[in-house]
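Start with the structure shown here.

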Amino acid sequence: MSPPPRRLTLHDQLVALLREGIDHARWTRELPSEAELCREFQVSRMTLRKALAQLALERVIELGGRGCRHRIRRKVKRQLPATARTIRLLTPFGMQRSGSINSVIINSFHDRVAALGFRLEIEHHPGIFERYQPAKLARLDALPDTAAWVLFYSNEQIQQWFVSRGRPTVLAGRAMEEIPLTTVFPDTEASGRHAAGLFYARGYREMVYLRAELTSLGDRLGSEAFVAEARRLGARARILTYGEHGPLVAKMMWDLIASRPRPTAYVVGASEVAITVLCHLLSAGIRVPADAGLIAMWDEHHHDLTFPTIARYRIDAGLYGRRMADAVLDVIHHGNVVVRRVPLIPEFVAGGSVGPAGKHGA
């Protein structure tokens with residue numbers, strides 16, 4: 001009879017993560033301090049020292065004395081195995097919530113890389129985005145056959161973690177300033193400024209941008225550009241944030257509809273919330289676009305099925321996916337040495353939710 005499989009302990013996992021980081025040149029001459037390693041991997045000093053002792057026994061490291069760093073002895077592997085063929089896409093959103101446009105982007109990306117023999121694995125881990133978990137990121141990155149990562153939404157901590165890891169990585173969206181990762185992104189700042197100017201030219205003066213708490217850097221930059229441009233033109237504009245639950249969006253809309261002065265122009269970062277906003281306005285007897293206008297910053301096919309149809313900004317989703325694939329293939333073959341910024345300019349789709357000029361008072 002075969003023995004039962006051995007259950008991996010926290011110590012075993014930590015040894016594997018430290019060894020993998022050394023093998024792939026995350027650390028080259030010495031390890032970070034024990035305090036830093038405990039914080040990153042969220043383990044006790046006792047567990048860490050047990051793992052370090054194991055690596056010393058394997059002659060991977062040489063333990064430092066009191067107050068000294070532990071020195072790396074093993075010759076590191078500076079390149080990924082040539083056989084690695086899996087590209088992993090990290091996202092906080094399940095595919096059932098990703099929307100039709102995101103599905104086109106991912107399918108286009110998949111078709112491009114699959115033609116060259118790569119597999120795509122969707123890594124859906126919302127908890128990593130809600131609370132920074134470097135140990136979990138390390139476990140994911142240690143999965144076998146990983147050739148590269150695509151970050152489909154990310155924050156500064158996650159971006160910094162992948163930079164420190166050295167794994168070929170591409171962002172679908174904007175990178176935080178000074179973070180050296182290749183990015184492919186819609187120019188949401190240009191869209192935000194255009195939306196503010198369009199609303200102002202058509203007589204809307206009380207403007208609000210509705211933004212999710214868990215959102216992309218691009219959405220944040222677009223909302224800030226919208227408010228800055230609206231105020232520069234002389235309108236009143238602000239940003240309101242909402243949680244992911246429907247009742248929170250509903251309460252926010254009830255409060256806005258009851259407020260005085262009531263907003264006459266609404267911009268929404270999330271495509272599905274644009275429909276919620278439209279329904280609340282119409283149910284309150286507010287005519288769209290005669291009494292209030294609405295623009296979505298992200299396109300979805302169902303925006304053509306509402307009445308009135310929803311004005312929005314559209315990118316070529318197939319092109320987006322292909323540009324992402326080209327960027328990932330480039331970093332797989334050449335590493336993260338050359339950082340590229342690939343902006344995509346959204347196209348405004350007029351719809352019927354923004355009225356003609358001169359119909360809305362200040």
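In which sense do strand β8 and β9 pair, and over how many bridges? Strand β8 (residues 206–212) pairs with β9 in the parallel sense, over 7 bridges. In β9, Arg-236 is the bridge partner of Glu-206. The model is a predicted one.

**The sheet**

These two strands belong to an open sheet of 6 strands. The order is β9-β8-β10-β11-β12-β14, and the pairing is mixed. Strands β9 (236–242) and β14 (347–349) are the edges, each pairing on one side only. From one strand to the next, the twist averages 20°.

**Helices on the sheet**

| Helix | Strands touched | Angle |
|---|---|---|
| α9 (residues 217–233) | β8, β9 and β10 (265–268) | about 170° with β8 |

**Helix against helix**

Helix α9 also packs with helix α8 (residues 188–201). The angle is about 35°, and the axes are 7 Å apart. The crossing of α8 and α9 is right-handed. On α8, the contact residues include Gly-192, Ala-195, Ala-196 and Phe-199. On α9, Leu-221, Gly-222, Ala-225 and Phe-226 are among them. Charged residues take part too, including Arg-193 of α8 and Glu-229 of α9. By class, the contact has 9 nonpolar, 5 polar and 4 charged residues.

Notes. Residues numbered from 1 in each chain as written. Predicted model: local features only at pLDDT ≥ 70, side-chain atom pairs only at ≥ 80, totals over all residues. Heavy atoms only, no water. Axes fitted to C-alpha atoms, helices over the stretch in contact; angles between N-to-C directions. Helix = DSSP H or I, 4+ residues; strand = E, 2+ residues; numbered from the N terminus. Left-handed = near helix turned anticlockwise from the far one by under 90°. Contact = heavy atoms within 4.5 Å. Pairing = 2+ DSSP bridges.
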